[in-house]
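Good morning, and thank you for joining this meeting. I shall present one structure, beginning with the surroundings of its ligand and then turning to its sheets and helices.

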Amino acid sequence: MEETIKSLIDDSFTSAMTLTNSGVPQVPDRYVLPPSQRPVLGSSIGIRFYSRNHFSTVTTLPVIDLSLLHQPLLRSSVIHEINMACKEFGFFQVINHGIPPSVIEGALDAATQFFDLPVEEKMLLVSADVHQPVRYGTSLNHSTDRVHYWRDFIKHYSYPLSKWIDMWPSNPPCYKDKVGKYAEAAHVLHKQLIEAISESLGLEKNYLQEQTEEGSQVMAVNCYPACPEPEITLGMPPHSDLNSLTILLQSSQGLQIMDSNEKWISVPDVEGALIVQLGDQVEVMSNGIYKSVIHRVTVNKDYKRLSFASLHSLPLHKKISPAPELIDVNNAPAYGEFSFNDFLDYISSNDCEHQRFIDTLKKSNF
Ligand SMILES: O=C(O)CCC(=O)C(=O)O
Ligand SMILES: [Fe+2]
């Protein structure tokens, strides 16, 4: 093996993108998962199919037409669909969500150009500090004795846009404009979704919106390069999102969610759809009626996958607790009170980056 490739493989700071571009024939050991955590690829697609004698047990994942929310006669049935999806999966896809295809294509194009930049340029934005408003990340952020994942990313604060956009990458030159347009559109969509989710819980339409007002939006732009051995590694390990709601845009299939039987289901790539995932904060505010969804990302041999996770959260210091309307003699508060900041502190001091953090807040653990 050529000396340069060998040194890239040995260097735990090398990004997945650099490894792929250098043509490594196999993933370095630090990316190899124990057998029990490896994905089974090409199975469990989340669509229903008909087999000879019965509908199979393959799960149908919900796809909701959001334009129907604006039709007074149909709104309540859409709210009902959202309720069912949130109860069963903490997950659904939306179509006719109002974000124009040109805005989506623009954002994907800008991200492609960003990740194609020379690694030295991207490294200028690298940081392991989770509080940095703009931060590029690679395996570098993980200590060497832990498993690495086949992903590069850039994360940036995105709301209010005028406050942060100057700090975003200035290369490629179109990045701020194209990703900015998508971030603004995602923020508007988030407001509609959080209102509908509030209603679906039987709460005032504005209840969750008021909780998240003045909150944050962080855009995580993820790049999963083609991988020589996708069956023994992952792009992202199982986790639930810490925030209230995530709107996810994917360039191709790769996301898997865990169902209530702890089975992994691949999320199908539905044309024009965006993915909505409930995070831990909504789980707490709903007093556990809705659950945050556990998800992970698989990679593939043939092409690079991009995703934009628009992560919406309550303000950092605001205490999060179950909605009072959902508490009564039969339904005690199931979670302790905490702020997003308490959560981040807990995670950094307990070194538990990739778990379902919410379980630590269950009353029984106090
Ligand atoms: O790339 C994806 O599909 C998921 C990304 C994700 O889970 C995250 O950024 O938290
Ligand atoms: Fe996530």
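Ligand 1 is surrounded by Ala-220, Asn-222, Met-236, Asp-241, Leu-248, Gln-250, Gly-254, Leu-255, His-295, Val-297, Ser-307 and Ala-309; a residue counts as near if its C-beta atom, placed from the backbone, lies within 6 Å of the molecule. Two or more residues of this shell come from each of strand E7 (216–224), strand E9 (245–250), strand E13 (295–297) and strand E14 (305–313). Helices (H or I, at least four residues) and strands (E, at least two) are DSSP runs, numbered from the N terminus. By type, the shell holds 6 nonpolar, 5 polar and 1 charged. Here Ala, Val, Leu, Ile, Met, Phe, Trp, Tyr, Cys and Pro count as nonpolar, Asp, Glu, Lys and Arg as charged, and the others, Gly among them, as polar.

A word on the source. This is a predicted model, in which local features need pLDDT of at least 70 and side-chain atom pairs count only at pLDDT 80 or more, while totals for chains, interfaces and linings use all residues. Residues are numbered from 1 along each chain as its sequence is written, with chains lettered from A and ligands numbered from 1 in the order in which they are written.

I turn to the sheets. An open sheet of 8 strands runs in the order E3-E4-E12-E9-E14-E7-E6-E5, with mixed pairing; two strands pair if DSSP finds at least two bridges between them.

Another open sheet has 4 strands in the order E8-E13-E10-E11, paired in the antiparallel sense. Strands E8 (236–239) and E11 (264–266) form its edges. Strand E10 (residues 255–258) pairs with E13 over 3 bridges, and Gln-256 stands opposite Arg-296 in E13.

How do H3 and H7 cross? Their axes come within 9 Å and cross at roughly 85 degrees; axes are lines fitted to C-alpha atoms, for helices over the stretch in contact, and angles run from 0 to 180 degrees between N-to-C directions. H3 and H7 are therefore roughly perpendicular, the term for 65 to 115 degrees. Ile-79, Ile-82, Asn-83 and Cys-86 in H3 meet Ala-196, Ile-197, Glu-199 and Ser-200 in H7, contact being C-beta atoms, placed from the backbone, within 7 Å.

Definitions and conventions
Parallel < 35°, antiparallel > 145°, perpendicular 65-115°, else oblique. Contact = placed C-beta atoms within 7 Å.
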